[in-house]
Structures are given as structure tokens and as C-alpha cells.
Amino acid sequence: MSDRDLEDRIAAALTEIDAETRAFGARTGLACPPGCGACCLSPDVETTPADMIPMAGALLDAGHAAAVLDRLTDRPGRAPCVLYQPDPLDPRRGRCAMYARRPSICRLFAFAGRRDAEGTPQFTPCRVHMETLPDRARTARDDVRAGTIPLPIFADHAARVAMLAPGAMARTMPINDALRGALEKVGLARQCAAMETASALADACTAPDTDDSPGSPRTPRPVRPMRPAA
Ligand code: SF4
């Protein structure tokens with residue numbers, strides 16, 4: 001699988017999460033308040049470099065990778081995500097600079113849960129939902145416990161992405177470290193691909209022309225036998 005294919009496959013897996021969380025939101029009536037940045041401001045958000053690969057690809061495509069890597073040097077380990085853009089008038093509100101490419105944790109948080117030791121889905125509403133929509137949040141928790149509504153499960157989606165990019169890329173770590181890992185992997189893969197293309201072009205230009213297929217410029221055209229003079 002090429003690196004571009006990997007980016008596309010992970011991006012497709014991430015997009016599918018949105019259908020599940022939308023359905024859960026529609027069934028429970030839970031929705032995030034407009035501009036809420038509570039999750040993004042947490043220093044404890046964790047994900048994997050694999051999950052950040054579509055984000056890294058988009059940053060490289062947009063020419064923002066170097067600037068983001070610069071900002072990442074100030075935020076190793078646990079720190080709020082570098083991609084969060086706070087509202088200058090109220091830093092608790094803001095937006096994700098790369099919302100369409102955000103990783104699975106950012107799509108699932110507040111609309112997903114875990115299985116307990118018996119394998120039963122358990123939903124713990126987020127603090128903001130408990131404050132702003134307490135009745136809906138409690139009803140959602142009870143309905144999930146009763147098995148009357150399906151709950152997106154964090155681990156299932158993480159495993160799906162990890163299958164596409166296993167090994168070191170599937171290790172969970174603070175979100176900024178995961179972004180750095182993904183930028184380094186995708187950046188390196190693209191450099192290698194560019195070098196391979198350049199080297200293949202150079203080989204094509206310098207190789208002696210041994211092409212004797214019909215139509216090759218150096219292939220002598222077949223000579224028609226001359227008609228005998230009448
Ligand atoms: S990737 Fe975007 S949505 Fe996720 S924590 Fe960072 S700013 Fe927030």
C-alpha cells in the first residue's frame with residue numbers, strides 16, 4: 001500500500017465514525033454547545049500517530065507542516081493541542097484549525113464509550129453535557145446501560161485504524177507527540193517518493209536507448225521492398 005493510499009484509507013475510516021456519532025447524537029439529543037473548546041483545551045488528550053496521518057498529510061499539502069512542527073517544539077508531552085485556535089475574546093471557546101481531518105478521539109469524545117469487564121457498553125457523559133444538558137445526558141447513560149441505543153466504542157475505532165498502520169504508529173501518546181510522529185512519517189514518505197521519482201527520471205534520461213519496439217524514434221523503420229522497374 002502506498003503512503004497516499006494509507007492516508008486515504010485512514011481518512012475514510014475516520015469519516016465513517018461521524019455517521020455513528022451523528023446517529024448517537026440524534027437518538028440522545030446530545031450536542032456540543034457552539035464553539036465549545038473544552039475537549040481541545042485539555043492537556044490529557046491522547047491518540048496515535050496513525051490516527052493523525054490524514055491530518056499530517058493535509059498539513060503538508062497546505063504547506064503548514066514546518067510552522068506546526070515549530071509550534072510542537074514548545075509543547076512536548078501533556079499540553080493542549082497545537083491545532084486549537086482559541087477565540088481571542090473567550091479562550092474557552094474556539095475551533096480546530098483542521099476540523100475535517102481531526103483524529104478519531106476528537107470525533108468520538110462525548111458521543112462514545114467503553115465496554116466493561118462483562119463486555120457491556122458503558123457511557124460516561126462529558127462534563128459539559130452534564131452541565132448544559134443534564135437530563136439528556138443521564139437518560140443517554142441509562143439507555144446505553146439498558147441496551148436500548150447503540151453506543152460507538154472508542155476501542156473498536158482505535159483498533160480499526162491500528163490495523164491499517166500497526167506497530168509504532170499505533171502506540172497511544174499525547175496528541176501533540178502523535179501529530180509530530182505522523183508529520184515525520186508522512187513527510188519522510190513523501191521525500192522518499194519524490195527522490196524515487198527524480199531518480200527514475202534521471203535513469204530514464206541517461207540510460208542508453210535500447211528500445212527497439214515499433215515506433216521508437218531510434219528503431220529503424222522497416223524498409224519496403226522496392227518494386228521492380230516496369
Ligand atoms: S485535533 Fe482539533 S478537535 Fe482534536 S484536540 Fe486538536 S484542535 Fe481539538
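**Labels and the values behind them**

Modeller: Start with helix H3 (53–61): Ile53, Pro54, Met55, Ala56, Gly57 and Leu59 are buried there. Buried means that 20 or more other C-beta atoms lie within 10 Å of the residue's own; exposed means 12 or fewer, and partly exposed is in between, with C-beta atoms placed from the backbone. Helices are DSSP runs of H or I with at least four residues, strands are runs of E with at least two, and both are numbered from the N terminus. This is a predicted model, so local features need pLDDT of at least 70 and side-chain atom pairs count only at pLDDT 80 or more, while totals for chains, interfaces and linings use all residues. Residues are numbered from 1 along each chain as its sequence is written.

Colleague: What do the buried residues of H3 pack against?

Modeller: H1, helix H4 (65–72) and H9. Contact here means C-beta atoms, placed from the backbone, within 7 Å. Ile53 touches Leu6, Glu7, Ile10, Ala165, Ala182 and Val186, leaving out residues up to four places away in sequence. Just after H3, Gly63 takes a positive phi of about 75°.

Colleague: Why is Pro49 called buried?

Modeller: Pro49 has 25 C-beta neighbours inside 10 Å, so Pro49 counts as buried. Pro49 sits in the loop between strand S1 (46–47) and H3. Beyond four places in sequence, Pro49 is in contact with Met169, Ala178, Gly181, Ala182 and Lys185. Pro49 and Asn176 are 127 residues apart in sequence, yet 9.4 Å apart C-alpha to C-alpha.

Colleague: And why is Met1 called exposed?

Modeller: Met1 has 9 other C-beta atoms within 10 Å, so Met1 is exposed. Met1 is in the segment before H1.

Colleague: What makes Ala110 count as buried?

Modeller: Ala110 has 22 C-beta neighbours inside 10 Å, and therefore counts as buried. Ala110 lies in the loop between H5 and strand S4 (114–115). Ala110 is not a glycine, but has a positive phi of about 80°.

Colleague: Which residues touch the most other members of the largest nonpolar core?

Modeller: Ile53, Ala56, Leu179 and Ala182, in a core of 41 residues. Two or more residues come from each of helix H1 (3–28), helix H2 (38–41), H3, helix H5 (104–108), helix H7 (134–146), helix H8 (154–164) and helix H9 (175–206). H9 gives the largest share, six residues. A nonpolar core is a set of buried Ala, Val, Leu, Ile, Met, Phe, Trp, Tyr and Cys residues joined through C-beta atoms within 7 Å.

Colleague: Which residues of H8 are buried?

Modeller: His157, Ala158 and Val161. Seen down the axis of H8, the buried residues fall within an arc of 100°, so they line one face of the helix. That arc is taken from the directions from the helix axis to the C-beta atoms. The buried residues of H8 pack against H1 and H5. On the other side of H8, Ala155, Ala159 and Met163 are exposed.

Colleague: Which residues are around the ligand?

Modeller: Cys40, Val45, Cys81, Leu83, Tyr84, Cys96, Arg102, Cys106 and Ile175. To be near, a residue needs its C-beta atom, placed from the backbone, within 6 Å. The shell divides into eight nonpolar, no polar and one charged. Ala, Val, Leu, Ile, Met, Phe, Trp, Tyr, Cys and Pro count as nonpolar, Asp, Glu, Lys and Arg as charged, and the others, Gly among them, as polar.

Colleague: Where does pLDDT stay under 50?

Modeller: Over residues 213–223, for which the model has five contacts beyond four places in sequence. pLDDT is the predictor's confidence in each residue, from 0 to 100. The protein averages 88, and 90% of the residues score at least 70.

How values were computed:
Two residues are in contact if their C-beta atoms, placed from the backbone, lie within 7 Å.
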